[in-house]
Amino acid sequence: MNKLKLLSPAILGDLELPNRTIMAPLTRCRAGDGYIPQPMNAVYYAQRSSAGLIISEATQVARNGIGYPNTPGIYTPEQIEGWKQVTDAVHDRDGRIFIQLWHAGRVAHPSLLPADEVPIAPSAIAANCLADTAEGQQPHVTPRALALAEIPGIVEQFWQGAKNAIAAGFDGVEIHSANGYLLDQFLQDNSNQRLDSYGGSIQNRARLLLEVMQAVVEVWGQGKVGVRLSPSSYFNDMKDSNPTATFSYVADALNQFGLAYLHVIEPRIQGNVTIADDGLGLGVSFFRKLFKGAIIAAGGYSRETGEAVLQKNHADFVAYGRLFLANPDLPKRFALNAPLNRYDRATFYSSGERGYTDYPSLDLIHY
């Protein structure tokens, strides 16, 4: 057959990519003390540097933004230095890497936060699901609703995170507005029941995301910023009364920023689990009609289905999570149609090298 479109070079924002296979952001819970990236993380990302683009695991922009144990931050000098190890290792192998900037909001847990702090959110509504803590899963607590005067501080945290990402050597940033974390909590009306200028109408609920996007674009420039959305996901107890209207508005509003891309999680993905797709969700074909820039599709794709979504022109790039986790040389395996390593779900969020840097690459030398 002709060479896969998945493996063809492409322009994404300001970057020239050797292929269209994107490594999706994957929380792995393997940062060191102080939420600092460590040498093991540099090895892991460098192993996967043949991706067209690596998008890092979700990285908190503030101490109170931590959603899971041992996730990295980008708000201290030590974290910046830790991330430099990672970006240097990826660039030494001619790779490209964006950082995903994140605040967990209400799905943080007090055990992960500084003493006497509770999670923050648009409204004081607890997520009806379990929190992952160092002591195992526990019910979420009722968060503290952010005061109106505090919201500019959230924008500033993302702005500072974007500045710190430049110092850490990244090639760009992705804003995490998906999977039920803080920016998504503001967007969707089951978690945002505010009565001020950040709640109520779709325009108000989207205000924080758009202010964050503006701040980060001012730091990085248009062609080096992306955003991730999960309009059909119920993960972390998310739901909107009219997702079609909400996310249509958001997609159109994002056009003003000239972003590198819009990253869409397909309806069949709920967190890290694949479910049956009833065809009623908002996938990449829906956003193709609304968003004027490049689209990355994410959601349990295989070599064949990823190629198909590109050939149909529903997306421009395909993000692979679990397949890249288990196959550090995934583009090479796709090129050869070689067998894939099977991932070990039990090690997704454990510690150490097992299930992290020990997945083997192919021994073949030539494509």
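A word on conventions. Residues are numbered from 1 along each chain as its sequence is written, and side-chain values use heavy atoms, with hydrogens and water left out. Because the model is predicted, local features need pLDDT of at least 70 and side-chain atom pairs count only at pLDDT 80 or more, while totals for chains, interfaces and linings use all residues.

I begin with the overall arrangement. Eight strands form a closed barrel in the order 3-4-5-10-11-12-15-16, with parallel pairing. The twist from one strand to the next averages 25°. Strands (E, at least two residues) and helices (H or I, at least four) are DSSP runs numbered from the N terminus, and two strands pair if DSSP finds at least two bridges between them. Angles run from 0 to 180 degrees between N-to-C directions, with axes as lines fitted to C-alpha atoms, for helices over the stretch in contact. Strand 3 (residues 21–23) and strand 16 (residues 317–320) run parallel and are joined by three bridges; there, M23 stands opposite Y320.

Let me turn to strand 5.

Next, its partners. Strand 4 (residues 53–60) pairs with strand 5 in the parallel sense over five bridges. From strand 4 the chain passes through helix 2 (residues 77–92) to strand 5, a β-α-β crossover that is right-handed, that is, clockwise from the first strand over the helix to the second with the strands pointing away from the viewer. Strand 10 (residues 172–177) also pairs with strand 5 in the parallel sense, over four bridges, and I99 stands opposite V173. Helix 3 (residues 151–167) lies across strands 5 and 10, at about 160° to strand 5.

Finally, T59 in strand 4. This residue stands opposite L101 of strand 5 and counts as buried, at 0% relative accessibility. Leaving aside neighbours within four places in sequence, T59 is in contact (heavy atoms within 4.5 Å) with residues including P72, W83, I99 and W102.

Technical notes: Buried < 20%, exposed > 50% of the residue type's maximum accessible area, 1.4 Å probe, protein only.
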